[in-house]
Amino acid sequence: PYSGPELKITLPRAARLAGLVVDPSGKPLADAAVEVERERDVFTGRSDEESRSSDAQGRFEVRNAPSGLVRLRATHPKFAASPTLELRLAPGEERTD
């Protein structure tokens, strides 16, 4: 058994992202998929991805977003995919439109 000093692991607070998806004319776009990809994990070598849908007003929210480098991209069947947006999030940071 381990007999050294107590090991303490502190989990960082999650970040929060919220925004608006619009079509080329600037109108809010419902049912767009907002894909969130976090940077490659140093332990597993994988990058995690999740998706959220925009609501009827084009709004989306990602709670519990990871800190570090995050990539966002929106897709919709009627439009081309958006350019990828890269953000660097601090633990507990909130980014809204």
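The legends below describe close-up views of a predicted model.

**View 1. The open four-stranded sheet.**
Four strands form an open sheet in the order β3-β2-β5-β6, and their pairing is antiparallel. The edges are taken by β3 (49-53) and β6, each of which has a single partner strand, so one side of each is left without a neighbour in the sheet. On average, neighbouring strands of this sheet are turned by 25° against each other, direction ignored. In a regular strand, side chains alternate between the two faces of the sheet.

**View 2. Pairing of β2 with β3 and with β5.**
Five bridges connect β2 and β3, which pair in the antiparallel sense. Within this pairing, Ala 33 stands opposite Ser 53 in β3. β2 is also joined to β5 (residues 68-75), by six bridges, and these two strands run antiparallel. Here Arg 38 is placed opposite Val 70 in β5.

**View 3. Pairing of β5 with β6.**
Strand β6 (residues 85-89) pairs with β5 over five bridges, in the antiparallel sense. Leu 72 has Leu 85 in β6 as its bridge partner.

**View 4. The salt bridge between Arg 73 and Glu 35.**
Arg 73 and Glu 35 form a salt bridge in which the closest N and O atoms are 3.1 Å apart. The pair links distant parts of the chain, with Arg 73 in strand β5 and Glu 35 in strand β2, 38 residues apart. Arg 73 has a relative accessibility of 32% and therefore counts as partly exposed. Glu 35 is buried, because its relative accessible area of 18% falls under the 20% limit.

**View 5. The largest nonpolar core.**
The largest nonpolar core has 15 residues, and those with the most contacts inside it are Leu 17, Val 21, Val 62, Ala 65, Val 70, Leu 72 and Leu 89. At least two residues of this core come from each of β1, β2, β4 (59-65), β5 and β6.

**View 6. The surroundings of Val 21.**
Val 21 is among the residues with the most contacts inside the largest nonpolar core. Leaving aside neighbours within four places in sequence, Val 21 is in contact with Lys 27, Pro 28, Leu 29, Ala 32, Val 34, Ser 54, Gly 58, Phe 60 and Ala 74.

**View 7. Asp 23 in the loop between β1 and β2.**
Asp 23 lies in the loop that runs between β1 (15-20) and β2 (33-38). Although Asp 23 is buried, it has no salt bridge. The nearest side chain of opposite charge belongs to Lys 27 and is 5.0 Å away, whereas a salt bridge has to be within 4 Å. Not counting residues up to four places away in sequence, Asp 23 touches Leu 29 and Phe 79. Lys 27 and Leu 29 are also among the contacts of Val 21.

**View 8. Arg 13 in the segment before β1.**
Arg 13 is found in the segment that precedes β1. Its relative accessible area is 60%, and Arg 13 is exposed because this value is over 50%. When residues up to four places away in sequence are not counted, Arg 13 touches Pro 91 and Gly 92. Arg 13 and Leu 89 are 76 residues apart in sequence and 11 Å apart in space, C-alpha to C-alpha.

**View 9. The salt bridge between Arg 16 and Glu 94.**
The count of salt bridges in the model comes to seven. In one of them, Arg 16 is joined to Glu 94, with the closest N and O atoms 3.3 Å apart. Arg 16 lies in strand β1 and Glu 94 in strand β7 (residues 94-95), so the pair ties together parts that are 78 residues apart in sequence. With a relative accessible area of 25%, Arg 16 is partly exposed, whereas Glu 94 counts as exposed at 53% relative accessibility.

A salt bridge joins the side chains of Glu 93 and Arg 95, at 2.7 Å from N to O. Glu 93 counts as partly exposed at 21% relative accessibility, and Arg 95 is partly exposed with a relative accessible area of 30%.

Note on methods
Residues are numbered from 1 along each chain as its sequence is written. This is a predicted model: local features need pLDDT of at least 70, side-chain atom pairs count only at pLDDT 80 or more; totals for chains, interfaces and linings use all residues. Side-chain values use heavy atoms; hydrogens and water are left out. Buried means under 20% relative accessible area, exposed over 50%, partly exposed in between (1.4 Å probe, protein chains only). Lys and Arg count as positive and Asp and Glu as negative; His and the chain ends are not counted. Contact means heavy atoms within 4.5 Å. Two strands pair if DSSP finds at least two bridges between them. Axes are lines fitted to C-alpha atoms, for helices over the stretch in contact, and angles run from 0 to 180 degrees between N-to-C directions. A nonpolar core is a set of buried Ala, Val, Leu, Ile, Met, Phe, Trp, Tyr and Cys residues joined through side-chain atoms within 4.5 Å.
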